[in-house]
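Work through the exercises below with the sequence and the 3D view at hand, and try each task before reading its solution.

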Amino acid sequence: MFRQMMTIALLAGLGCSAAPRMPLPAPAQDIYPAKGDPAKIKGRQKAVLAGGCFWCTEAVFEAVAGVEKVVSGYSGGDLASATYEMVGSGRTRHAESIEVTYDPAKISYGRILQIFFAVAHDPTQLNRQGPDYGPQYRSAIFYGNEEERRVAAAYIAQLEQAKVFSGRIVTELAPLKAFYPAEDYHQDFVKRNPNHPYVVVNSAPKVAKLRKEFAGQLKP
C-alpha cells in the first residue's frame with residue numbers, strides 16, 4: 001500500500017516512534033483510575049487518538065492489557081463521511097485515527113495517554129509522523145467529554161513543564177465530532193502483514209518499545 005515518501009523512509013531507516021529525552025511520568029490527573037474507587041468505573045470507555053499512520057498506533061494499543069478493541073479510522077474532519085482516498089488528499093481535515101475501547105477497571109484513560117505520548121507517536125512533529133506528511137498524519141486527541149479534555153490538557157501541560165521532549169508538543173486537542181471506521185483492508189494490518197516493509201521499519205519498533213517500557217501493561 002502506498003505511503004508518502006515510504007521509499008525514502010526505508011532507505012534512511014526512519015521509524016515513527018517518539019524519542020522522549022526521559023521516561024514519561026504518569027499523568028497527575030486521571031479518569032477512572034484502574035485501582036481507584038469502583039464507583040467511578042462506568043463500563044467500557046472509548047478513546048479516539050491520532051498519531052500518524054493508524055497501522056502503527058493500532059498495533060501498539062492492540063498489545064495493551066485492558067484494551068479490548070482497536071479500530072482504525074478517520075476523525076477530526078469537516079465532511080460527514082471519510083474514505084482513505086478522501087483523507088489522503090489532505091483537504092478534508094480528517095486525521096488517520098484509532099478508536100480504542102478499553103476496560104477502565106484494568107487501564108485508565110491517563111495510562112492510555114501516557115502510552116500514546118511515550119511510544120505510539122512523536123507529538124512534536126507538526127502535520128507529519130515519521131515518513132508520512134500532511135494534516136491527515138497530525139497528532140491529535142479527540143475528547144468525548146469534559147473530563148477527557150481536562151485530563152488531556154493537564155497531561156500535555158505536565159509534559160511540557162517537565163521538558164520531556166526536545167521540541168514543543170503540537171498535539172491538537174479537539175472535541176470528537178465523529179469517528180469513521182477505515183476500510184477493511186486497513187484493520188489489523190500489522191497482524192496480517194508482519195513482513196510488510198512499512199510495518200518492519202515503522203510499526204514494529206514502536207511495539208518493541210512498548211514491550212520494553214510498559215512490560216507490566218501487556219496482554220499475555
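A residue counts as buried when its relative accessible area is under 20%. The model used throughout these exercises is predicted.

**Exercise 1.** Determine which residues of helix α4 are buried, and find the elements against which they pack.

Solution. Begin with the helix as a whole: α4 is mostly covered, since 11 of its 12 residues are buried.

**Exercise 2.** Classify the pair formed by the rings of Phe 116 and Phe 117, and decide whether each of the two residues is buried or exposed.

Solution. The structure holds 5 aromatic pairs. In the pair of Phe 116 and Phe 117, the ring centres are 5.3 Å apart and the planes stand at 65°. Rings pair if their centres lie within 6.5 Å, and planes over 60 degrees apart count as edge-to-face, so the pair of Phe 116 and Phe 117 is edge-to-face. As for accessibility, Phe 116 has a relative accessible area of 1% and is therefore buried, while Phe 117, at 0%, counts as buried too.

**Exercise 3.** Work out what kind of aromatic pair Phe 117 and Tyr 155 form, and which helices the pair ties together.

Solution. The centres of the two rings are 5.8 Å apart with 70° between their planes, and the pair of Phe 117 and Tyr 155 is edge-to-face. Phe 117 lies in helix α4 (residues 109-120) and Tyr 155 in helix α5 (residues 146-162), so the pair ties together parts that are 38 residues apart in sequence. Tyr 155 has a relative accessibility of 1%, and therefore counts as buried.

**Exercise 4.** Describe the place of Ser 75 and its surroundings.

Solution. First locate Ser 75, which is found in strand β2 (residues 67-75). With a relative accessible area of 0%, Ser 75 is buried. A polar atom of its side chain lies 2.7 Å from the backbone oxygen of Ala 178. Leaving aside residues up to four places away in sequence, Ser 75 touches several others, among them Val 48, Arg 93, His 94, Arg 138, Phe 142, Ala 178 and Phe 179.

Methods. Residues are numbered from 1 along each chain as its sequence is written. This is a predicted model: local features need pLDDT of at least 70, side-chain atom pairs count only at pLDDT 80 or more; totals for chains, interfaces and linings use all residues. Side-chain values use heavy atoms; hydrogens and water are left out. Rings of Phe, Tyr and Trp (its six-membered ring) pair if their centres lie within 6.5 Å; planes under 30 degrees apart count as stacked, over 60 as edge-to-face and the rest as tilted. Buried means under 20% relative accessible area, exposed over 50%, partly exposed in between (1.4 Å probe, protein chains only). Helices (H or I, at least four residues) and strands (E, at least two) are DSSP runs, numbered from the N terminus. A polar contact is a pair of N or O atoms within 3.5 Å; within protein, one must be able to donate a hydrogen and the other to accept it, and residues adjacent in sequence count only if both atoms are side-chain atoms. Contact means heavy atoms within 4.5 Å.
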